[in-house]
There are 2 protein chains.
Amino acid sequence: MTDINFKDRSSGPLAAAAEPPAEPGAATPRWDIIELLFFAYRDFVGDADHVLEAFGFGRAHHRVIHFVHRYPGLKVADLLDVLRITKQSLGRVLKQLLDEAYIVQKAGDSDRRQRLLFATAKGEALVAKLAGLQTDRINRALAGFAPGEAEAVGRFLRGMIDRDDPDKVLEIILQADGASAKDRR
Amino acid sequence: MTDINFKDRSSGPLAAAAEPPAEPGAATPRWDIIELLFFAYRDFVGDADHVLEAFGFGRAHHRVIHFVHRYPGLKVADLLDVLRITKQSLGRVLKQLLDEAYIVQKAGDSDRRQRLLFATAKGEALVAKLAGLQTDRINRALAGFAPGEAEAVGRFLRGMIDRDDPDKVLEIILQADGASAKDRR
DNA sequence: CAGATATGTCAATATGACTGACATAAACTT
DNA sequence: AAGTTTATGTCAGTCATATTGACATATCTG
């Protein structure tokens, strides 16, 4: 198959390089976590990619419909904050989702300039399908975890997120930190 | 600031929707983990993005130079497997990194068609800089974690990765599962 | 009414991905 | 030795998603 002997990781061409931190004072790189995050996220979003392709959608559509479904009445401006893209970028994707009736707009109550976004039944079904695949993966990964271990995973992920300028949606998510667990359902 | 009262999460327009699973038998969606993964990964790669911009590079360059640095002597074909892109896509990015001397090629020993890839000192410095930022974030997130909790985080991330067709690099990373921790340095 | 704000849209551009086709050199097969 | 396969590189065209800049419209606020 190949001439590379993977058992002999210390001398084979593909052995992971083990090295001390370059600068004194710098922390030893967490190569393990860095690479695991890369592969885990790649496969995590890969679940959804296959389904989306059948719908003629991409990841951008998934992100939009997901957050609209999860936070009904989300304003366009909020969505731009969360996704960190420009309104021109959002425009095309959002227009498709509106045209194909995955999302509907409603003028704001107190401010009629606002376009509040809501997922239709069609949109909710798509989100549920995608979230189901990802949930299955998460549940498989967490199978056999003690309650404290599963809790540590959530705490780690929260700790990885920037706190400096949380947008509105992120604020809601991070509020669960101090609150009791049941608040998050 | 805004008319939305975030404290009143059960009635405000931006309250996260709480709902039962759509289909009987389907697992309750792990909205929390799904969204935390999104934000955590967004900020995790964001660290590197800023630095890369100053070099005129993108995320694609980071992925290439990272894996070349970590697995010296990586073949072009291995890189394609890991990154799951076509050789045409890799071509442009790899050419830039070669032209600007972040990477060098060496003909394979036993098979001279192969172009084994190695990071130069310049390339290693860039990778170290980027990994340093990400390591700082990881260490902040893991601060105060008990050994078992930190271990659970790694176990979770490994569990999120597809096992069916691991490429060569992934095999090396996943080998650490059964092996002792020191094997991973 | 004047100005600011929320949204939408047109145009041009960049990045990073894709498919398909073809070229070269080296290895393997018969 | 000839023929086939493999590893890599490259040309050409396309697509999805992002960007900046400019401008239009409706609506809110002072």
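User: Which base atom of DNA strand D does a polar side-chain atom of A:Q88 lie 2.8 Å from?

Analyst: A base oxygen. That's a polar contact, a pair of N or O atoms within 3.5 Å. Keep in mind that this is a predicted model, where local features need pLDDT of at least 70, side-chain atom pairs count only at pLDDT 80 or more, and totals for chains, interfaces and linings use all residues. Residues are numbered from 1 along each chain as its sequence is written, chains are lettered from A and ligands numbered from 1 in the order written, and side-chain values use heavy atoms, leaving out hydrogens and water.

User: How do I read the surface near DNA strand D, and which element gives the most to it?

Analyst: A residue is near a strand if one of its heavy atoms lies within 4 Å of it. Here α2(A) gives the most, four residues; helices are DSSP runs (H or I, at least four residues), numbered from the N terminus.

User: And what about DNA strand C: which residues come nearest?

Analyst: Out of 24 around it, they're A:K87, A:Q105, A:R113, B:R63 and B:T86. Sugar and phosphate make up 54% of the atoms of DNA strand C that come within 4 Å of the protein. Bases get contacts too: a side-chain N or O atom of A:R113 is 2.3 Å from a base oxygen of DNA strand C, and a polar side-chain atom of B:Q88 is 2.8 Å from a base oxygen.

Notes:
Polar contact = N/O pair within 3.5 Å; in protein donor to acceptor, adjacent residues only side chain to side chain. Helix = DSSP H or I, 4+ residues; strand = E, 2+ residues; numbered from the N terminus.
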